[in-house]
Amino acid sequence: MTVTVTPEEFRFVHFDAAQTARIADDVARLTGIDRPVQVEIDETTPLSRVRIDLGDTIVLHVESGAFEDTKRPRHQSETATAASLARCLLKARDRLEGGFGEAPTDDDLTLQQAAAWDTYCAGRMARLGLTVNQQRFRYNFRNRFGFTDQVDTRFERVWAADALTWGELQSLTSGESMVVDAP
Amino acid sequence: MADPFKPRAPFAPWDRRQLPGLFDVEETARRVGHYKWAEMKLFEALGGWVATVPELDVKMRLGTHCYHHAWHAELWHKRLPELREMNPDRLTVPPNDAMVRFVEAMTEPEAPEQTIEKLVGVYRVFIPHFIAAYTFHRNNTSEITDAPTIRSLNFALQDEVADWTDGEMLIQSLLDTPEEVQRAAAHQARLETLMLEAGGIAGPGTIGGME
Amino acid sequence: MRKFFPVEELARDQRFEQITMRQAQADPRTVLNAESRNKTNRLTPDRADASDRARGLMHGIFVGEIQALEGAGRTCWDFETGTEAPFALKLDMARQAWDEARHVEISVKLSDWMGTEIGQFAENTVLFEAACSNDPVLRLAGVNRALEGLAIDVFTTMKEFGDLAGDPFLEFCEDWMLADEVTHVKMGSDWLRRITENDAERRKKALEFQQVVDKLFSFGGTRSDSKESPIGLARRFRELAGFTDTEVEDIAEMSLKALEERKAFAAAALAGDTTADPA
């Protein structure tokens with residue numbers, strides 16, 4: 001498996017392409033990715049969206065805010081870089097392994113669907129040993145589904161889940177299904 | 001119901017308040033003026049120190065306690081005209097030069113590494129002396145003629161004791177090594193010596209005499 | 001302890017990283033390709049990044065409250081009672097210190113609720129800078145009228161966000177803090193009027209200083225009527241706090257101007273002005 005990062009030199013941010021490649025390599029192994037990964041960083045924007053193109057190579061189009069150290073603007077954070085990459089590569093793996101065939105494209109995901117999938121990824125990231133603030137994802141989940149005990153219960157189930165299909169994820173978040181395999 | 005027109009004792013059997021008190025109007029005004037001066041110095045120092053302490057919990061406590069002591073100063077400021085002192089500033093003074101030196105020494109620490117000294121000065125020396133002065137005053141003034149001062153003393157004492165507890169908890173949580181214990185003790189001893197010279201918040205006789 | 005404490009020495013534990021306003025505004029990315037981005041930056045729950053943005057703003061409120069606490073506390077210490085500042089003014093500042101300390105407590109609890117860690121974001125020290133004037137009247141104009149005025153705008157935006165998102169704690173807490181801030185602004189307006197009653201020149205100077213700080217606190221357009229600004233101008237609450245219609249209009253106009261100036265500043269940084277480089 002190979003990892004490439006562009007650009008090699010940065011003008012507007014203090015990022016390191018080699019360090020990014022090393023982190024991406026580690027995260028790809030950790031998340032079980034078995035094909036080349038290309039990370040394209042858009043350093044002209046402080047936003048933090050990431051777009052994923054799946055093919056023989058997984059291409060991640062990353063806005064620089066996704067890798068940024070929020071304590072030191074324009075500098076790179078290893079933790080944020082690993083977390084952003086892991087979230088995207090887990091989503092990529094979900095789509096590549098099947099079971100997520102009926103999931104909308106990233107651009108067509110509703111805010112609720114995106115929050116549910118992010119939660120599912122973050123729970124797995126935490127179990128892989130990556131630094132994740134669970135409360136951050138719980139707060140996002142509550143913002144999308146409501147501030148109730150029932151919603152919190154659904155969050156816990158999504159967080160604890162592994163090997164879900166898109167349909168199962170949807171059922172869990174809507175409260176239709178309460179049966180989840182424990183990790 | 002009992003006959004409302006039947007004569008009753010003006011002081012009920014359970015009301016044991018006594019008329020005599022140690023302080024006349026003039027002495028009470030003198031003490032209250034010193035209290036106001038000392039409370040002002042304390043709230044000003046607490047406010048100033050907020051920016052200098054790195055510990056977030058200490059920072060927030062100092063901000064909160066700053067107001068408590070400002071409010072006490074206001075209580076005394078309002079009491080002074082009721083004690084025939086129409087110019088409150090005239091009596092808003094330290095009891096002596098030693099008290100000025102005490103406040104200067106207490107407010108000396110500024111560096112971010114000196115939180116222990118800042119807290120020791122306030123919570124192990126200054127505030128315990130407020131508690132002593134206020135308690136002595138409350139227990140020795142006329143319970144009938146000086147009821148307004150007693151009411152303010154009780155309000156102030158309630159804050160002082162609560163703040164003292166807060167501060168002592170903070171100090172204990174900051175003392176990690178025998179060296180820090182020594183630092184705290186040395187600073188306390190230095191300030192206590194100055195306070196001894198001053199004779200207390202209201203000067204000599206603040207808590208009476210033992211003879 | 002000396003009088004007048006420099007902003008560079010504000011004491012913080014190791015979780016905090018501080019940056020200046022210049023560093024905060026010199027990020028060239030904020031203007032590059034700006035035309036192609038979404039034209040509204042207003043914080044609303046329907047944004048894809050709503051909760052992360054709210055968390056960032058909450059942290060900004062948290063550090064702002066710390067600096068407001070420090071500023072009010074320093075006003076108690078920096079000026080001699082009577083000769084430099086009235087006793088009653090200092091009592092008000094002590095009261096404000098308690099209020100701000102409570103706001104820090106609230107902010108810490110809310111940050112925890114929202115999943116933000118203390119010191120997770122850089123701390124812009126601009127708020128304390130406005131509290132460093134050596135004239136207490138200028139300090140009141142800068143802190144109580146400009147800074148606390150900004151707080152009214154920020155809390156109103158956050159309160160609306162909490163209300164729309166259905167977050168019971170956020171809306172509740174912001175409403176309480178908003179009540180305090182309106183009080184602080186009124187306090188500043190009252191003292192400004194009283195102290196400068198017979199000193200027109202000093203009042204003029206104070207109002208000019210407030211204008212400068214207001215512009216600074218517009219954060220280069222972070223707060224304005226424009227949808228490009230994340231924080232709106234809370235006109236109604238500003239009225240309650242004693243701002244005249246003219247004053248509110250002036251702030252609105254100035255904020256929009258600040259937005260344009262910030263774009264130009266970042267563009268200059270992009271063109272190679274090294275003084276704008278935060279590195």
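Helices (H or I, at least four residues) and strands (E, at least two) are DSSP runs, numbered from the N terminus. By that reading, chain B has 7 helices and 0 strands, and its pattern along the sequence is α-α-α-α-α-α-α. The structure is a predicted model, in which local features need pLDDT of at least 70 and side-chain atom pairs count only at pLDDT 80 or more, while totals for chains, interfaces and linings use all residues. Residues are numbered from 1 along each chain as its sequence is written, and chains are lettered from A and ligands numbered from 1 in the order in which they are written.

**Chains A and B**

Chain A comes to 6 helices and 4 strands. From the N terminus on, the elements of chain A follow the order β-α-β-β-β-α-α-α-α-α. The radius of gyration of chain A is 16 Å, close to the 16 Å given by the globule rule for 183 residues, so chain A is as compact as a globular protein of that length. Here the radius of gyration is taken over C-alpha atoms, and the globule rule is 2.2 Å times the number of residues to the power 0.38.

A residue is buried if 20 or more other C-beta atoms lie within 10 Å of its own, exposed if 12 or fewer, and partly exposed in between, with C-beta atoms placed from the backbone.

| Chain | C-alpha box, roughly | Buried residues |
|---|---|---|
| chain A | 50 × 35 × 30 Å | 38% of the 183 residues |
| chain B | 70 × 40 × 35 Å | 45% of the 211 residues |

Two residues are in contact if their C-beta atoms, placed from the backbone, lie within 7 Å. Among the contacts in chain A with a separation of 6 or more, 53% are between residues 24 or more positions apart. For chain B, residues 24 or more positions apart account for 79% of the contacts with a separation of 6 or more.

**Domains of chain A**

Chain A is assigned domain 1 (3–96) and domain 2 (106–174), with bounds from an automatic or database domain assignment. Their C-alpha centres lie 21 Å apart. The contact between them takes 10 residues from domain 1 of chain A and 10 residues from domain 2 of chain A. On the domain 1 side, β3 (50–53) and α2 (78–97) of chain A each supply at least two residues, and α2(A) gives the largest share, 7 residues. That side divides into 6 nonpolar, 1 polar and 3 charged residues. Ala, Val, Leu, Ile, Met, Phe, Trp, Tyr, Cys and Pro count as nonpolar, Asp, Glu, Lys and Arg as charged, and the others, Gly among them, as polar.

**Where chain B touches chain C**

This contact takes 28 residues from chain B and 26 residues from chain C. On the chain B side, α1 (25–49) and α2 (56–79) each supply at least two residues. The largest share, 10 residues, comes from α2(B). The chain B side divides into 14 nonpolar, 7 polar and 7 charged residues.

**Nonpolar cores**

A nonpolar core is a set of buried Ala, Val, Leu, Ile, Met, Phe, Trp, Tyr and Cys residues joined through C-beta atoms within 7 Å. The largest one has 116 residues, of which B:F43, B:C66, C:L69, C:A94, C:A97, C:A141 and C:L147 touch the most other members. Helix α5 (residues 136–165) of chain C gives the most to this core, with 15 residues. A second, separate core of 41 residues includes A:V5, A:A28, A:A66 and A:F155.
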